[in-house]
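Biologist: Hello! I am new to this structure. Could you show me how to read some of its features?

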Amino acid sequence: MMKQEDRPKVSVCVVTYNQIKYIRQCLQSIVDQETDFVFEVIVEDDFSTDGTRVIVEEFAERYPRIIKPVFLKKNVGPFINYKLAHEKATGLYVAHIDGDDYMLPGKLKRQVEILDNNPEIAIACHLMKGEGDIPIASENNLHHPRIGNTNTLNEIGCYFCHSSKMNRASASSTLQLDDEFVDFLVPIEHSRAGGIYFDDHQYGVHRYNPEGI
C-alpha cells in the first residue's frame, strides 16, 4: 500500500495514439509546470505506430520521477485507453489531457489551489485557447456559470474541454467507458460528488486535429 507521504498530489493522465506531431509539446508543457507539490504523469500509448512511443520513452528517461509510460501491446481504442490510464492514477487530484492538446503556465498550481480551498468543489476546469480552423465554443461564450453542477451539465451540455478538467480522485467515475460519450458522461458522474468551478482564464490549448476524433 502506498504511504500517504509518497502519494503525489496530482496525477496527470495523458492518452495518446499516433500523435508524433503533437505529443512532445504536450509532455513538455506538463513537465514545465511550476508547482510546490509532487505530481505524476501517466502516459497511456495505444500501440502507436508513427514514432510517438520513441518520444514518450525519451521523456520517461529525462524525467523518470514524473513520467510513467504505459505502452499497450495492441490497439484498444480511445475510450478503453482513457479508462486504463485513469485507473492507474494515484494522486489526490486527477487531471486529464489529450496527447494533441497542451497546458499553459500555471494550470496545475491554479487548479490545485481551487480544489484545496473549496472542499465542496469536485471538478476544476478552465477556458481553453483554440488552435485550428474551428473556434472553440467556450472561447466565444464567457457566460458559463462560475459554479456549476450536474443540473448545469444536463441543461446546457458539457461547456468545458475535457483537457481542461481536474477532479478529486474520490469523485472518480465507475462508468464502463466503451462508448463515444466519455467527454460528457464522465463529468456528469464526477459532478455528483460536488460542484464544478469554471475558471475563465486560459490555462491550456485545445488543438483541432483533423486526425483526431
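Modeller: Gladly. Let us begin with a charge over a ring: NZ of Lys or CZ of Arg is within 6 Å of the ring centre and within 35 degrees of the ring normal. Here, arginine 62 lies over the face of phenylalanine 59, 5.0 Å from the ring centre. Likewise, arginine 53 sits over the face of phenylalanine 71, at 4.1 Å from the ring centre. This is a predicted model: local features need pLDDT of at least 70, and side-chain atom pairs count only at pLDDT 80 or more, while totals for chains, interfaces and linings use all residues. Residues are numbered from 1 along each chain as its sequence is written, and side-chain values use heavy atoms, leaving out hydrogens and water.

Biologist: How many aromatic pairs does the structure hold?

Modeller: A pair of aromatic rings is described by the distance of the centres and the angle of the planes. Rings of Phe, Tyr and Trp (its six-membered ring) pair if their centres lie within 6.5 Å; planes under 30 degrees apart are stacked, over 60 edge-to-face, and the rest tilted. The structure has 3 such pairs. In one of them, phenylalanine 59 and tyrosine 63 are stacked, 6.0 Å centre to centre with 25 degrees between the planes. Ring pairs also join Tyr159, Phe160 and Phe198 into a cluster.
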